[in-house]
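Hello,

Here is the structure I promised to pass on to you. Please have a look at it first, and then read my notes below.

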Amino acid sequence: MRSADTEFIGGPLDGRVLPIYLSPFNAVPKVYKVPVPAHGEEPARTLVYLRAKRYSAKGRPRWVYEYAPEQSGQPQPPDGSDQPDGPKLPDGPELPDRPE
């Protein structure tokens, strides 16, 4: 079976180039799922990467995989933002109301 070295963009596999088996039409699969076993207190999960087309400097197309966090079963922040949960800063002192 033929394989192609395919780059991963975003997520835990960011920047890695892995050999991916090609379909009978010489294309990589549309979705690539990476099972991650449970470790310590973290539950098992599946990372999902979606196929995207990129072009080289010479204009030749190549396939890459882009990380899809909304499909990966990762916990999302409650406000729906893409920012990871960082350390919480304490609230400052209450300021008095300004007179009008």
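**How the strands pair**

Strand β1 (residues 3-9) and strand β5 (residues 61-67) run parallel and are joined by three bridges. A word on terms: strands (E, at least two residues) and helices (H or I, at least four) are DSSP runs, numbered from the N terminus, and two strands pair if DSSP finds at least two bridges between them. One of the residues involved is F8, whose bridge partner in β5 is Y65.

Before I go on, two notes on the model. This is a predicted model, in which local features need pLDDT of at least 70 and side-chain atom pairs count only at pLDDT 80 or more, while totals for chains, interfaces and linings use all residues. Residues are numbered from 1 along each chain as its sequence is written, and side-chain values use heavy atoms, with hydrogens and water left out.

Strand β5 also pairs with strand β4 (residues 45-55): these two run antiparallel, with seven bridges between them. Y55 has P61 as its bridge partner in β5, and L50 has E66. The hairpin of β4 and β5 has five residues between the strands, and G59 takes a positive phi near 85 degrees there.

What is the order of the strands in the sheet? The sheet is open, its five strands are ordered β2-β1-β5-β4-β3, and the pairing is mixed. At the edges are β2 (17-21) and β3 (31-36), each of which pairs on one side only. On average, neighbouring strands of this sheet are turned by 40 degrees against each other, direction ignored; the axes behind such angles are lines fitted to C-alpha atoms, for helices over the stretch in contact, and angles run from 0 to 180 degrees between N-to-C directions.

**The chain as a whole**

The protein chain has five strands and zero helices, so from the N terminus on its elements read β-β-β-β-β. Of its 100 residues, 18% count as buried (under 20% relative accessible area; exposed means over 50%, and partly exposed is in between, with a 1.4 Å probe and protein chains only). Among contacts with a separation of 6 or more, 29% come from residues 24 or more positions apart, where a contact means heavy atoms within 4.5 Å.

**A look at T6**

Is T6 buried or exposed? This residue of strand β1 is buried, with a relative accessible area of 1%. Not counting residues up to four places away in sequence, T6 touches R16, V17, L18, I20, V28, W63, V64 and Y65. For one of these, V64, the C-alpha atom is separated from that of T6 by 5.7 Å, although the two residues are 58 apart along the chain. A polar atom of the T6 side chain also lies 3.1 Å from the backbone oxygen of A4.

**Two salt bridges**

How many salt bridges are there? The count comes to two, taking a salt bridge as a side-chain nitrogen of Lys or Arg within 4 Å of a carboxyl oxygen of Asp or Glu.

In one of them, the side chains of E7 and R62 meet at 3.3 Å, N to O. Because E7 lies in strand β1 and R62 in strand β5, this pair ties together parts that are 55 residues apart in sequence. Both residues count as partly exposed, E7 at 27% relative accessibility and R62 at 38%.

R54 forms a salt bridge with E66, and their closest N and O atoms are 2.0 Å apart. R54 is in strand β4 and E66 in strand β5, so the parts tied together here are twelve residues apart in sequence. R54 is partly exposed at 32% relative accessibility, and E66 is partly exposed at 28%.

Enjoy exploring the model!

Best wishes

Technical notes: A polar contact is a pair of N or O atoms within 3.5 Å; within protein, one must be able to donate a hydrogen and the other to accept it, and residues adjacent in sequence count only if both atoms are side-chain atoms.
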